[in-house]
Amino acid sequence: MSRPPTHPPYPGAGPAPSGRGSAGWWVLGAVLVAVIAVGGIVVSCAGFWMYANHDRPELIDNPPVSEVAESACATMRATVVAKAVPPDAPVDAQARSIREQNAAVTVMVAQVRGLDRDLRADDRPTDAWLADWEALVEARERYATELAAGRRPHFVVPTADGRPLTDRMNSVGLTCEVPPQLVDLR
(Lines give C-alpha, C1' and ligand atoms only; values in the text may rest on other atoms or scores of the structure.)
Protein backbone atom coordinates (compact mmCIF):
# COMPACT_ATOMS: atom_id res chain seq x y z
CA MET A 1 0.00 0.00 0.00
CA SER A 2 1.26 3.25 -0.82
CA ARG A 3 0.92 6.37 1.16
CA PRO A 4 -0.90 9.36 -0.21
CA PRO A 5 1.39 12.06 -1.43
CA THR A 6 2.19 14.81 1.06
CA HIS A 7 2.44 18.39 0.15
CA PRO A 8 5.24 20.49 1.40
CA PRO A 9 4.17 23.21 3.85
CA TYR A 10 3.55 26.70 2.61
CA PRO A 11 6.66 28.79 2.65
CA GLY A 12 7.06 30.55 6.03
CA ALA A 13 4.37 28.47 7.70
CA GLY A 14 5.21 27.36 11.21
CA PRO A 15 3.92 24.38 13.05
CA ALA A 16 0.22 23.78 13.14
CA PRO A 17 -1.63 25.65 15.91
CA SER A 18 -2.25 23.68 19.06
CA GLY A 19 -5.66 25.36 19.74
CA ARG A 20 -4.49 27.14 22.89
CA GLY A 21 -3.26 30.42 21.44
CA SER A 22 0.14 31.88 21.78
CA ALA A 23 1.63 33.56 24.84
CA GLY A 24 1.26 36.99 23.19
CA TRP A 25 -2.52 36.68 23.11
CA TRP A 26 -2.62 35.68 26.77
CA VAL A 27 -0.59 38.74 27.76
CA LEU A 28 -2.79 41.01 25.64
CA GLY A 29 -5.91 39.51 27.23
CA ALA A 30 -4.52 39.97 30.75
CA VAL A 31 -3.61 43.60 30.04
CA LEU A 32 -7.07 44.23 28.62
CA VAL A 33 -8.76 42.75 31.72
CA ALA A 34 -6.51 44.82 34.00
CA VAL A 35 -7.31 48.03 32.11
CA ILE A 36 -11.05 47.34 32.32
CA ALA A 37 -10.81 46.56 36.06
CA VAL A 38 -8.78 49.68 36.86
CA GLY A 39 -11.09 51.78 34.69
CA GLY A 40 -14.11 50.44 36.56
CA ILE A 41 -12.54 51.31 39.90
CA VAL A 42 -11.66 54.82 38.72
CA VAL A 43 -15.19 55.40 37.39
CA SER A 44 -16.71 54.06 40.62
CA CYS A 45 -14.52 56.29 42.79
CA ALA A 46 -15.29 59.32 40.63
CA GLY A 47 -19.00 58.58 40.85
CA PHE A 48 -18.85 58.24 44.63
CA TRP A 49 -16.87 61.49 44.92
CA MET A 50 -19.41 63.32 42.76
CA TYR A 51 -22.30 61.92 44.84
CA ALA A 52 -20.61 62.81 48.13
CA ASN A 53 -19.92 66.37 47.00
CA HIS A 54 -23.24 66.88 45.23
CA ASP A 55 -25.85 69.26 46.53
CA ARG A 56 -28.58 67.26 48.23
CA PRO A 57 -31.67 68.85 46.70
CA GLU A 58 -33.81 68.39 49.79
CA LEU A 59 -31.39 70.13 52.20
CA ILE A 60 -30.02 73.61 52.68
CA ASP A 61 -26.48 72.43 53.29
CA ASN A 62 -24.13 74.98 51.75
CA PRO A 63 -22.38 76.60 54.76
CA PRO A 64 -22.57 80.22 53.54
CA VAL A 65 -26.33 79.80 53.10
CA SER A 66 -27.08 77.61 56.12
CA GLU A 67 -25.08 79.79 58.53
CA VAL A 68 -26.92 82.98 57.52
CA ALA A 69 -30.28 81.18 57.56
CA GLU A 70 -29.73 79.64 61.00
CA SER A 71 -28.49 82.91 62.50
CA ALA A 72 -31.42 84.86 61.07
CA CYS A 73 -33.78 82.12 62.20
CA ALA A 74 -32.49 82.20 65.78
CA THR A 75 -33.18 85.93 65.93
CA MET A 76 -36.63 85.45 64.40
CA ARG A 77 -37.53 82.68 66.84
CA ALA A 78 -36.50 84.78 69.84
CA THR A 79 -38.59 87.71 68.57
CA VAL A 80 -41.60 85.49 67.89
CA VAL A 81 -41.51 84.16 71.45
CA ALA A 82 -41.01 87.66 72.90
CA LYS A 83 -43.96 89.08 70.91
CA ALA A 84 -46.40 86.29 71.79
CA VAL A 85 -49.51 87.16 73.77
CA PRO A 86 -51.81 84.81 75.67
CA PRO A 87 -54.86 83.48 73.80
CA ASP A 88 -57.19 85.52 76.03
CA ALA A 89 -55.45 88.84 75.23
CA PRO A 90 -57.61 91.57 73.69
CA VAL A 91 -58.19 91.22 69.95
CA ASP A 92 -56.13 94.31 69.09
CA ALA A 93 -53.17 92.93 71.10
CA GLN A 94 -53.48 89.58 69.30
CA ALA A 95 -53.52 91.23 65.88
CA ARG A 96 -50.55 93.43 66.80
CA SER A 97 -48.65 90.38 68.09
CA ILE A 98 -49.30 88.48 64.85
CA ARG A 99 -48.04 91.41 62.78
CA GLU A 100 -44.94 91.90 64.93
CA GLN A 101 -44.15 88.20 64.64
CA ASN A 102 -44.73 88.40 60.88
CA ALA A 103 -42.28 91.30 60.73
CA ALA A 104 -39.65 89.13 62.43
CA VAL A 105 -40.18 86.41 59.83
CA THR A 106 -39.99 88.98 57.03
CA VAL A 107 -36.65 90.26 58.37
CA MET A 108 -35.30 86.69 58.45
CA VAL A 109 -36.45 86.08 54.88
CA ALA A 110 -34.87 89.37 53.73
CA GLN A 111 -31.55 88.47 55.36
CA VAL A 112 -31.39 85.14 53.53
CA ARG A 113 -32.61 86.71 50.28
CA GLY A 114 -29.76 89.20 50.69
CA LEU A 115 -27.32 86.42 49.82
CA ASP A 116 -26.07 86.19 46.26
CA ARG A 117 -28.81 84.83 43.99
CA ASP A 118 -26.50 82.20 42.44
CA LEU A 119 -25.38 81.06 45.90
CA ARG A 120 -29.01 80.52 46.91
CA ALA A 121 -29.81 78.82 43.60
CA ASP A 122 -26.92 76.39 44.09
CA ASP A 123 -28.51 75.28 47.37
CA ARG A 124 -31.75 74.24 45.72
CA PRO A 125 -34.42 74.31 48.40
CA THR A 126 -33.43 77.75 49.71
CA ASP A 127 -35.71 79.90 47.54
CA ALA A 128 -38.63 77.47 47.93
CA TRP A 129 -38.08 77.46 51.71
CA LEU A 130 -38.17 81.27 51.74
CA ALA A 131 -41.34 81.26 49.63
CA ASP A 132 -42.93 78.91 52.19
CA TRP A 133 -42.12 81.39 54.98
CA GLU A 134 -43.69 84.17 52.91
CA ALA A 135 -46.82 82.07 52.32
CA LEU A 136 -47.09 81.47 56.07
CA VAL A 137 -46.79 85.23 56.73
CA GLU A 138 -49.51 85.96 54.13
CA ALA A 139 -51.88 83.43 55.73
CA ARG A 140 -51.19 84.88 59.17
CA GLU A 141 -51.78 88.43 57.88
CA ARG A 142 -55.18 87.40 56.49
CA TYR A 143 -55.99 85.93 59.91
CA ALA A 144 -54.88 89.15 61.68
CA THR A 145 -56.98 91.27 59.32
CA GLU A 146 -60.07 89.12 59.94
CA LEU A 147 -59.42 89.16 63.69
CA ALA A 148 -59.00 92.96 63.78
CA ALA A 149 -62.24 93.33 61.81
CA GLY A 150 -64.14 91.59 64.62
CA ARG A 151 -64.63 88.30 62.80
CA ARG A 152 -63.80 84.90 64.22
CA PRO A 153 -61.26 83.60 61.72
CA HIS A 154 -60.00 80.06 61.56
CA PHE A 155 -56.29 79.70 60.82
CA VAL A 156 -55.15 76.90 58.56
CA VAL A 157 -51.49 76.35 57.76
CA PRO A 158 -51.00 76.59 53.98
CA THR A 159 -50.37 73.27 52.25
CA ALA A 160 -48.29 71.94 49.39
CA ASP A 161 -49.08 68.58 47.84
CA GLY A 162 -51.66 68.00 50.56
CA ARG A 163 -49.17 68.48 53.41
CA PRO A 164 -48.71 71.51 55.66
CA LEU A 165 -45.91 73.78 54.46
CA THR A 166 -44.42 73.58 57.92
CA ASP A 167 -43.54 69.92 57.33
CA ARG A 168 -41.43 70.91 54.35
CA MET A 169 -40.06 74.00 56.10
CA ASN A 170 -38.87 71.91 59.04
CA SER A 171 -37.16 69.25 56.93
CA VAL A 172 -34.45 71.18 55.08
CA GLY A 173 -31.65 70.24 57.46
CA LEU A 174 -31.44 73.57 59.30
CA THR A 175 -31.72 74.24 63.00
CA CYS A 176 -34.76 76.38 62.26
CA GLU A 177 -38.10 74.83 63.02
CA VAL A 178 -41.25 76.86 62.66
CA PRO A 179 -42.08 78.21 66.13
CA PRO A 180 -45.41 76.87 67.41
CA GLN A 181 -46.51 80.47 68.11
CA LEU A 182 -46.67 81.03 64.35
CA VAL A 183 -49.16 78.24 63.70
CA ASP A 184 -51.17 77.95 66.92
CA LEU A 185 -53.56 80.80 66.29
CA ARG A 186 -56.95 80.74 68.03
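**Reading a predicted model: helices, core and a loop**

In this predicted model, helix α3 (residues 91-113) and helix α5 (residues 125-148) have axes that come within 9 Å and cross at roughly 165°.

Me: What is the handedness of the crossing of α3 and α5?
Reply: α3 passes α5 in a left-handed crossing. By class, their contact holds 16 nonpolar, 6 polar and 6 charged residues.

Me: Which residues have the most contacts inside the largest nonpolar core?
Reply: They are M76, M108, W129, W133 and L182, in a core of 33 residues. Two or more residues come from each of α2 (63-82), α3, α5 and α6 (165-169). α5 gives the most, with 9 residues.

Me: What does W133 touch, leaving aside its neighbours within four places in sequence?
Reply: W133 is in contact with M76, V105, M108, V109, M169, C176, V178, P179 and L182. Among these, M76, M108 and L182 are also listed with W133 for the most contacts inside the core.

Me: What makes D161 count as buried or exposed?
Reply: Its relative accessibility is 79%. Exposed means over 50%. D161 therefore counts as exposed. Its place is in the loop between β1 (159-160) and β2 (163-164).

Terms used:
Residues numbered from 1 in each chain as written. Predicted model: local features only at pLDDT ≥ 70, side-chain atom pairs only at ≥ 80, totals over all residues. Heavy atoms only, no water. Axes fitted to C-alpha atoms, helices over the stretch in contact; angles between N-to-C directions. Helix = DSSP H or I, 4+ residues; strand = E, 2+ residues; numbered from the N terminus. Left-handed = near helix turned anticlockwise from the far one by under 90°. Nonpolar A, V, L, I, M, F, W, Y, C, P; charged D, E, K, R; others polar. Core = buried A, V, L, I, M, F, W, Y, C linked by side-chain atoms within 4.5 Å. Buried < 20%, exposed > 50% of the residue type's maximum accessible area, 1.4 Å probe, protein only. Contact = heavy atoms within 4.5 Å.
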